[in-house]
Amino acid sequence: MASNYRDDSDEGSNHSSESCSGFSDSDTDSEAATNSASDTEETAQTSVEHDVCIYYNRGNCRLGDKCRKEHICSYFLKGSCKYGAGCHLNHNIQSSPSGQSKRASGASSADTDEEWDGPYRWQLNFGRGWENITHDHILEAQYSLPSTKGIKIYNTHAGVISIDFTKMRVLKKRNIKVRRMSSKDTEWLWYYRGENSWYQYGRKGKRSPIQSSELETAYKSNQRGSVKFGLDSAQYEISFKGMCQTNLSTGHKRRVRRRPKYEPSQNGGLHGLTSHLKTLLSPSTNKTPVWQFKGKNQWYTFNKTGGCSVSSADIESCYKSQKTMNFTVNNDTYTLDFAKMCQINQRTKAERKIRRI
């Protein structure tokens, strides 16, 4: 059974029990993410389908919203932005004037609002173009939680994959990309990491020096900028570039996250979410999963041949109740690590990838 994975320090956070207990230095994080995009000459080599502003990508377009070129990350358009959700450039095609004109001119891609089932769309690219993820409202529900770092999905073309929400990428699979396309009407909420959980800025009924809406406005104005505010006698700064909050007097930092307000699926609501949960996050019940190991040039299915002591069915049986299992091939002992999805030769320590399809 697949499961969501979370940052250990975030475990147990709950939106309904949040209290804005504050900005005291006792609940700081020792490290804050510091992602920054590098400027290279590749910026000017983006696809001709988009008239991208190279000055925006360098962080110095003086025209701002009046610029006639697209203010969008050139690496995102090429599907190669290594910063993912942590990138401080625009990853929303719909937000730029050129993007809107493209939609109006009858673009046939899946980027158009008219083709969306809701205010967002999640897609995977296995090297053959972008494909919609079925029942992506399940991913959206998890992504909207600031405490959730990512999710694990079964039954893709590549077997089980793990999506990192923070960096918006697929872990350990360089040939697979993930993206979330957003409507211009998406409501974004801002959170900071407190002592025991994540807290929303400006949550109704709670003491807060600044609102999520204020942060979002400032962020859209300058995604590499910052916002300062005061609370009692302390001064703080929220850096969009580093996605962290700093006490300017003590230097203590907290992580900051920007996540969308969850919009329930228009097809079935909570009932639909429950009924589709196993389909997306669980192994398929329509066929028996097959276990394979990676050879030099192709994948091979486990069979009790050639001296191997286990079959694919044997591995599936252990997978449901164990984290690891041992087997032998001739005189060598091997361990299958289901968490790392690898096979380890206990004598040579050589590793091979395994997959479940």
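Start with the outward side of helix 5: Thr 217 and Ser 221 are exposed there. Exposed means over 50% relative accessible area, buried under 20%, and partly exposed in between, with a 1.4 Å probe and protein chains only. Helices (H or I, at least four residues) and strands (E, at least two) are DSSP runs, numbered from the N terminus.

A word on the source. This is a predicted model, where local features need pLDDT of at least 70, side-chain atom pairs count only at pLDDT 80 or more, and totals for chains, interfaces and linings use all residues. Residues are numbered from 1 along each chain as its sequence is written, and side-chain values use heavy atoms, without hydrogens or water.

Now, which residues of helix 5 are buried? Ser 212, Leu 215, Glu 216 and Tyr 219. They share one side of helix 5, because their arc around the axis is only 100 degrees. That arc is taken from the directions from the helix axis to the C-beta atoms. In general, an α-helix has 3.6 residues a turn, so residues three or four places apart point the same way.

On to rings. Rings of Phe, Tyr and Trp (its six-membered ring) pair if their centres lie within 6.5 Å; planes under 30 degrees apart are stacked, over 60 edge-to-face, the rest tilted. The count is 16 aromatic pairs. Trp 190 and Tyr 219 are edge-to-face, because their centres are 5.3 Å apart and their planes at 70 degrees. Trp 190 sits in strand 8 and Tyr 219 in helix 5, 29 residues apart, so to speak distant parts of the chain. Both Trp 190 and Tyr 219 are buried.
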